[in-house]
Amino acid sequence: MFKRLLILCLLVVVLAVAGTGLWVWQGLNTLKTPVALSEPVLFNVEHGSTFSGVARQLERNGLVKDSLWLRLWGRLHPDRNLIQAGTYEFASGDTALAMVNKMVNGETKTWSVQFIEGWRFADLRAALERQDHLDIMSAGLTDAELMTRLGRPDEHPEGRFFPDTYVFTGQESDLDILRRAYDRMQSILQEEWQGKADDLPYESPYEALIMASIVEKETGVPDERSQIAGVFVRRLEKGMRLQTDPTVIYGLGDSYDGNITRKNLRTVTPYNTYRISGLPPTPIALPGREAIHAALHPDAGESLYFVARGDGSHVFSRTLQEHQRAVREFQLRRRSDYRSSPQTQ
């Protein structure tokens, strides 16, 4: 009798162990089941989050059915449960283990913002403010206050941020991107300055940056940049005023209505190069590397003037007489499809 009872007890234990094992095996297998989502979802892991806490958060968000099995898996795999903070994107077909792998490997969701050559600083700020997944810490700050936050309290912001595409995560702010763009501009400007041509009329890399911004606004034709820079450099060397419309437009600010008038050309501003000698006090736009290179490697020709043809390119002239003929041909008799920038494909 006792022997039969012992055997029965052992059988019950074996069945219980087997049943528990099967239950656990089935539970852990649910971690390999793809999740069904109508669209990708974003999942944020805060700094200091524990694996168990993240597992429960996944359950609350409907990304796993029962966090028990994920928490158990984490205990069984301590080398694979070190979750990294960040914002992650999960899509239909992802399994719980796939989600964990993304978070352990730090495969955070990224976005990007693009700063375009020729933009003003106001355009750059507007582009940052349009980013839904970026922490905008500069909201309400003046340009001067923003530069102070960046650790550059005595610098004018215009032209100091390199135009490029910047990738960011959900943990970054607009100030982080601005610091990267500022540092990149400084790096590129210094690189180009080191290889500059001899005998240029610039006293500092900053003056070259100012010139580059003018070149950037004057032409979008790559082959013309060094020619444009050459004209301006020769005018500086001869003591001639630059007389470039983009500086006039910049000086007018919000009062510019899209058309330059004779009154505009006579209006005295620190940027009106029809009224001031030398360079304006700051850049007028974001110059790209090609414009910076052109400003530091100007064409060695003889032209002192240029005028837009109306197809985005320019006619260059050595003398005022030649220039006046070009103005009559291309400006006073403008073609119906006149445009100041090249046609894009």
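Visitor: What is the relative accessibility of Asp176?
Guide: In this predicted model, local features need pLDDT of at least 70 and side-chain atom pairs count only at pLDDT 80 or more, while totals for chains, interfaces and linings use all residues. Residues are numbered from 1 along each chain as its sequence is written, and side-chain values use heavy atoms, with hydrogens and water left out. Buried means under 20% relative accessible area, exposed means over 50%, and partly exposed lies in between (1.4 Å probe, protein chains only). Asp176 counts as partly exposed, its relative accessibility being 28%.

Visitor: How many residues apart are Arg289 and Glu191?
Guide: The side chains of Arg289 and Glu191 form a salt bridge at 2.6 Å, N to O. This pair links distant parts of the chain, with Arg289 in helix H12 (residues 289-296) and Glu191 in helix H7. Their separation is 98 residues.

Visitor: Which residues are joined into one network with Arg289?
Guide: Arg289 is partly exposed at 30%, and Glu191 is partly exposed at 44%. Salt bridges that share partners join Arg289 into one network with Glu191 and Glu192.

Visitor: Is Arg125 buried or exposed?
Guide: Arg125 forms a salt bridge with Asp143, the closest N and O atoms being 2.8 Å apart. The pair links distant parts of the chain, since Arg125 is in helix H5 (residues 121-129) and Asp143 in helix H6 (residues 143-149). Asp143 is partly exposed, at 34%. Arg125 has a relative accessible area of 10% and is therefore buried.

Visitor: What is the relative accessible area of Asp199?
Guide: Most residues other than glycine have a negative phi. Asp199 has a positive phi, near 60 degrees, and lies in the loop between helix H7 (174-194) and helix H8 (205-218). Asp199 is exposed, with a relative accessible area of 73%.

Definitions and conventions: Helix = DSSP H or I, 4+ residues; strand = E, 2+ residues; numbered from the N terminus. Salt bridge = Lys/Arg side-chain N within 4 Å of Asp/Glu carboxyl O.
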